[in-house]
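Subject: Structure for your attention

Dear colleague,

Please find below the sequence and structure that I am handing over to you. My findings follow after them.

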Amino acid sequence: MTSVRSTRTALGVVCALGLAVLYLPLLVSVLYSFNVGVDGKQTARLTGWSLGAYADAWQDDSLRTAALTGLQVALVVAAVSGLLGSVWGYSMVRHPSARVRRVLAGLAYLLVIMPEVVLAISLLQFAGRVGIPLGFLTLAAAHTPVTMVVVALIVRARVLTLDRRLEDAGRDLGASELRILGDIVAPALLPAVLTGTVLAFTFSFDDLVISAFLTTPSVNTLPVYLYSSLNYGTTPAVYAATTAVLALTIVALAVAGLLHRRSARRRPRALLVPGDSRMDARQPLPASRLSA
């Protein structure tokens with residue numbers, strides 16, 4: 001018993017130290033966003049408390065433009081990734097060809113393990129060789145492959161848990177494949193699709209590595225702007241912008257977590273399936289909803 005308690009205590013201490021290393025810098029950044037500073041510059045010593053840094057950050061045209069551009073890019077990336085990533089994830093499970101399923105899964109895992117810097121350099125060289133000018137669309141296209149994989153893997157996990165008896169029952173009632181997809185499969189996949197889309201938005205908005213290679217003086221994102229500002233000395237406004245990004249990320253991740261939790265707890269409606277005693281025969285799915 002003593003050995004077990006010692007092991008649990010040691011694991012608790014290691015876990016606490018790990019969390020401290022990860023999250024204490026974030027808390028320090030939030031703390032210094034309320035610091036007054038000296039002559040508009042951030043100082044290591046706390047000189048006073050003020051909300052003026054947040055007003056300064058909002059009034060900074062360059063910072064506000066970078067944030068707006070990053071938000072627009074993230075929205076486009078999330079929309080494209082949510083659509084194409086859902087098709088990708090569904091095809092990894094339901095495509096009739098096993099070879100195609102393996103290829104799709106391999107491409108997904110390849111993008112997961114590939115360093116972002118390698119992907120960014122490859123996309124930059126490709127754009128240069130083909131003669132595509134860097135801008136808003138190239139930046140959004142560069143963010144899309146990684147975020148599509150995020151959506152695809154989440155949707156794939158949900159597709160694996162679908163009960164095919166529901167689809168078989170729909171076919172028995174005369175529903176077309178398109179009707180089954182719209183009335184049975186799509187509602188079951190919707191929470192997973194929304195979760196992946198929210199995460200795609202978060203990953204795109206927070207991306208630094210790919211954006212650093214593909215932004216231009218006229219098309220810049222907030223993470224790149226904040227990183228570049230370190231060369232000229234940080235101001236309290238930079239810490240305020242960092243805190244705002246952190247708050248947005250936490251909110252987005254919380255929404256994604258709630259949607260994923262809803263997806264995990266979601267249970268399909270009862271169907272009248274012959275031979276299955278667990279189904280409630282008193283509440284069959286109306287044939288009018290599944291008829292072609």
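The term pLDDT denotes the predictor's confidence in each residue, on a scale from 0 to 100. It is needed here because the model is a predicted one. Across residues 267-292 the pLDDT remains under 50, and for this stretch the model has 42 contacts beyond four places in sequence. For the protein as a whole, the mean pLDDT is 81, and 85% of the residues reach 70 or more.

I turn next to the overall architecture. The protein contains twelve helices and zero strands. Of the contacts with a separation of 6 or more, 72% are between residues 24 or more positions apart. Buried residues account for 37% of the 292 residues. The protein exposes about 17200 Å², and carbon and sulfur atoms supply 67% of that area.

The UniProt record, an unreviewed entry, places the feature "transmembrane region" at residues 12-34, 71-91, 103-126, 132-155, 184-205 and 237-259. I examined two of these segments in the model. Residues 184-205 are 100% helix and 0% strand, with end C-alpha atoms 33 Å apart. For residues 237-259 the chain is likewise 100% helix and 0% strand, and the end C-alpha atoms there are 33 Å apart.

The largest nonpolar core has 16 residues. Those that touch the most other members are Ala57, Leu63, Phe205, Leu222, Tyr225 and Leu226. At least two residues of this core come from each of helix H2 (52-59), H3, helix H8 (177-206), helix H10 (222-229) and helix H11 (236-265). The greatest contribution is that of H11, with five residues.

Ser86 lies in helix H3, which spans residues 61-94. Is Ser86 buried or exposed? Its relative accessible area is 14%, and the cut-off for a buried residue is under 20%, so Ser86 is buried. Apart from neighbours within four places in sequence, Ser86 is in contact with Ser81, Val151, Val155 and Val193.

Yours sincerely

Terms used
Residues are numbered from 1 along each chain as its sequence is written. This is a predicted model: local features need pLDDT of at least 70, side-chain atom pairs count only at pLDDT 80 or more; totals for chains, interfaces and linings use all residues. Side-chain values use heavy atoms; hydrogens and water are left out. UniProt positions are given in the numbering used here, feature names are shortened, and annotations may be inferred rather than shown by experiment. Helices (H or I, at least four residues) and strands (E, at least two) are DSSP runs, numbered from the N terminus. Buried means under 20% relative accessible area, exposed over 50%, partly exposed in between (1.4 Å probe, protein chains only). Contact means heavy atoms within 4.5 Å. Accessible areas come from the Shrake-Rupley method with a 1.4 Å probe; for residues, only the protein chains shown count as cover. A nonpolar core is a set of buried Ala, Val, Leu, Ile, Met, Phe, Trp, Tyr and Cys residues joined through side-chain atoms within 4.5 Å.
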